[in-house]
Amino acid sequence: MQNELNTAIRAAIEAGSEITKIYTDPNADFEIEQKADNSPLTIADKKSNEIILSFLSQTPYPVLSEEGKSIDYSIRESWKKLWIVDPLDGTKEFIKRNGEFTVNIAYVKNGRPEAGVIYIPVKEELYFADCQYGAYKIEHITQLAADETVDSLIEKAHRLPYQEQTPRNNFIVVASRSHLTPETEAYIEKMKQEHQHVETVSKGSSLKLCLIAEGKADVYPRFAPTMEWDTVAGHAIIRAMGKEVYQAGTQEPLQYNKEDLLNPWFIAE
């Protein structure tokens, strides 16, 4: 899987570079369109998708992407191994220019995320993980040398979760920046009954899952709709560092490449 993970990392960084060019161009027209579900689509989503597909087509596995999601389940159900891609997670954050958007790529085997890559173009931060090798983060990375390997990246990366010098005495709940539902508020209240010092942190896109992977937050409850490509890369990274993303109210992990690509409500902890 090392070669494939290396390809996915290259794809994410290259796509992130293209997104950054559009994002930082003062004259850029994001060419915003409304998709059928009223979510926005920009030129950056499309260009990122093209770049990622050009890399992943070099691997033996098919690709399910947010921008190509109309592949019928009768075709997909035979895919035991596949890539699931969100070429620009947090399009609303991109349009608002708050920097909280990511490129997400995950390798899924038998419905479980086995490897994942999340790249944050504005921060130049890369998360990558494989269930065999663990989860890692590299800062200030904008390109890869031609001879760069996963092993050489691991040598310069921080292993996740971060080891804190002083233990935290507060319990941190991650909440969505734009989808705080009454159910989430009730969950946060419940945590306040169980823990002395509860703080909430808001983030956009898959950055919420990254906080759990880093060990900087304890739980991320999501009682609002998400799609498989929103969570799968972060889920892979969380699994590789030893935690899990469960369907709310169960001990069942989220599953991927389902007939219905909508996720159930979930809790990452």
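Okay, let's start with a pair: Glu 114 and Arg 239 come together through their side chains in a salt bridge, at 3.5 Å from N to O. By salt bridge I mean a side-chain nitrogen of Lys or Arg within 4 Å of a carboxyl oxygen of Asp or Glu. This one ties distant parts of the chain, with Glu 114 in strand S6 (residues 112–120) and Arg 239 in helix H8 (residues 228–240), 125 residues apart. Helices (H or I, at least four residues) and strands (E, at least two) are DSSP runs, numbered from the N terminus.

Quick caveat: this is a predicted model, where local features need pLDDT of at least 70 and side-chain atom pairs count only at pLDDT 80 or more, while totals for chains, interfaces and linings use all residues. Residues are numbered from 1 along each chain as its sequence is written, and side-chain values use heavy atoms, leaving out hydrogens and water.

So, buried or exposed? Buried is under 20% relative accessible area, exposed is over 50%, and partly exposed is in between (1.4 Å probe, protein chains only). Glu 114 is partly exposed at 23%, and Arg 239 is partly exposed too, at 21%.

Next up, Asp 218 and Arg 168 form a salt bridge, with their closest N and O atoms 3.0 Å apart. That pair also links distant parts of the chain, 50 residues apart.

Last one: Lys 216 meets Glu 214 in a salt bridge at 3.3 Å, N to O. Lys 216 is partly exposed at 40%, whereas Glu 214 is buried at 3%.
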